[in-house]
Amino acid sequence: MYKILKKKLIAPGVTQAEIVAPEIAKKRKAGQFVIIRFHEKGERIPLTIADADTEKGTITIISQRAGKSTAFFENMNKGDSVIDVVGPLGHPTHIKKYGHVVFLGGGIGIAPIHPIAQAMKKAGNRVTSIIGGKTKDFVILEDWMRQASDAVYISTDDGSYGNKGFVTDVLKELVEKGEHFDLAVVIGPVPMMKAAVSLTKEMNIPTIVSLNAIMVDGTGMCGGCRVSVGGETKFTCVDGPEFDGHQVDFKELMLRLRIFDKYGKQAMELYESESKNEKCVMKKVFDDKE
Ligand SMILES: Cc1cc2nc3c(=O)[nH]c(=O)nc-3n(C[C@H](O)[C@H](O)[C@H](O)COP(=O)(O)OP(=O)(O)OC[C@H]3O[C@@H](n4cnc5c(N)ncnc54)[C@H](O)[C@@H]3O)c2cc1C
Ligand code: FES
């Protein structure tokens, strides 16, 4: 069992939690993730290790409510325990001195961006980060990103904070002003990564993306997380999760991510109705006591 030491909501539907997992905290490297099962009957879901504290023996994960498992996690409390945390999984990011590295993080994608930006800065790179969200409320981890970067730019779709528009608009503007980037790291929703890599390809900036393919075992056995990269089949869990963004077949990834949508929706509806019933039963017990 892995105890939740701290937990808070950092944006609508976005939960940040510190979980006691000393072995994982010691071994994890930037770019890696864990597979978590929140309770005995729960499914296994992958979440990035956004940060770790080796002294406290904790890892920090940041989860966005997308369906039943992430909604269940949002409803857990500090002091509760999750049943399994497996990791660290996946290849760590290849960290070295590239020169000037630009990070593009969209929404929950800012969580996986953070440890990579930290490590790239530590390796002597100049780090520019462009982070964005739908609205001001969805721009997460701004303070963390400021600490991990030499410069931070913010964009929101509606202009409620920072530049109005997409993170790619900011990148375009910076390059037009004469900034040179040796590497781009792009993590966020698939349509955002697709748009960003087509821009960085035009700009001749080598680009790494981290893919959120559907995972089951996380060990290369089930084939659930397969993606096409440069015409070859790769398993995101063991060959990734980072790949050359200019080689990824994003169209296929988008289709595969939707495969289980019907079942995810059914599971969420059932979970919501069960939670509602539970609340009604609790209210009745409470009312009867009164
Ligand atoms: C390497 C990796 C790192 C990730 N890191 C984070 C993170 O730090 N924070 C975060 O909020 N999310 C992260 N995700 C995505 C997260 O795993 C899914 O949002 C989560 O599994 C959804 O589960 P659900 O039951 O709440 O929703 P569901 O209703 O089951 O699914 C909602 C959507 O989530 C995706 N999804 C569902 N099951 C899985 C699965 N087993 N594996 C991957 N995607 C799935 C599908 O696209 C689906 O349409 C990561 C995914 C991968 C592969
Ligand atoms: S999750 Fe099963 S092969 Fe990657």
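## The sheet

Two strands pair if DSSP finds at least two bridges between them. This structure is a predicted model. In it, 5 strands form an open sheet in the order 5-6-2-1-7. The pairing is antiparallel. Strand 5 (51-53) and strand 7 (81-82) stand at the edges. Each has a single partner strand, so one side of each is left without a neighbour in the sheet.

Strand 7 pairs with strand 1 (residues 2-11) in the antiparallel sense, over 2 bridges. Across from serine 81 in strand 7 stands lysine 3.

## Two domains

The chain is divided into domain 1, residues 2-89, and domain 2, residues 100-257. Their C-alpha centres lie 21 Å apart. Contact between them involves 18 residues of domain 1 and 18 residues of domain 2.

Which strands supply the side of domain 1 that touches domain 2? Strand 1, strand 3 (33-37), strand 4 (45-48), strand 6 (58-64) and strand 8 (84-89) each give at least two residues. By class, this side of domain 1 has 13 nonpolar, 3 polar and 2 charged residues.

## A pair of helices

Two packed helices are described by the angle between their axes and the distance between the axes. Here, helix 6 (residues 190-202) packs with helix 8 (residues 250-257) at an angle of about 180 degrees. The axes are 10 Å apart. An angle over 145 degrees counts as roughly antiparallel. Helix 6 and helix 8 are therefore roughly antiparallel to each other.

Helix 6 makes the contact with Val190, Met193 and Lys194. Helix 8 brings Phe250, Leu253, Met254 and Leu257. Of the residues in this contact, 6 are nonpolar, none is polar and 1 is charged.

## Backbone exceptions

Most residues other than glycine have a negative phi, and most peptide bonds are trans. Some places in this chain depart from that pattern. A cis peptide bond joins glycine 87 and proline 88, with omega about 0 degrees. Proline 88 is in strand 8. The bond from glycine 240 to proline 241 is also cis, with omega near 10 degrees. Proline 241 lies in the loop between helix 7 (236-239) and strand 17 (242-244).

Leucine 141 has a positive phi, near 55 degrees. Its place is the loop between strand 10 (126-133) and helix 4 (142-148).

## Confidence

How confident is the predictor, and where does the pLDDT fall below 50? The chain averages a pLDDT of 91, and 94% of the residues score at least 70. Over residues 281-286 the pLDDT is below 50.

How values were computed
Residues are numbered from 1 along each chain as its sequence is written. Chains are lettered from A and ligands numbered from 1 in the order in which they are written. This is a predicted model: local features need pLDDT of at least 70, side-chain atom pairs count only at pLDDT 80 or more; totals for chains, interfaces and linings use all residues. Axes are lines fitted to C-alpha atoms, for helices over the stretch in contact, and angles run from 0 to 180 degrees between N-to-C directions. Helices (H or I, at least four residues) and strands (E, at least two) are DSSP runs, numbered from the N terminus. Angles under 35 degrees count as roughly parallel, over 145 as roughly antiparallel, 65 to 115 as roughly perpendicular and the rest as oblique. Two residues are in contact if their C-beta atoms, placed from the backbone, lie within 7 Å. Ala, Val, Leu, Ile, Met, Phe, Trp, Tyr, Cys and Pro count as nonpolar, Asp, Glu, Lys and Arg as charged, and the others, Gly among them, as polar. pLDDT is the predictor's confidence in each residue, from 0 to 100. Domain bounds come from an automatic or database domain assignment.
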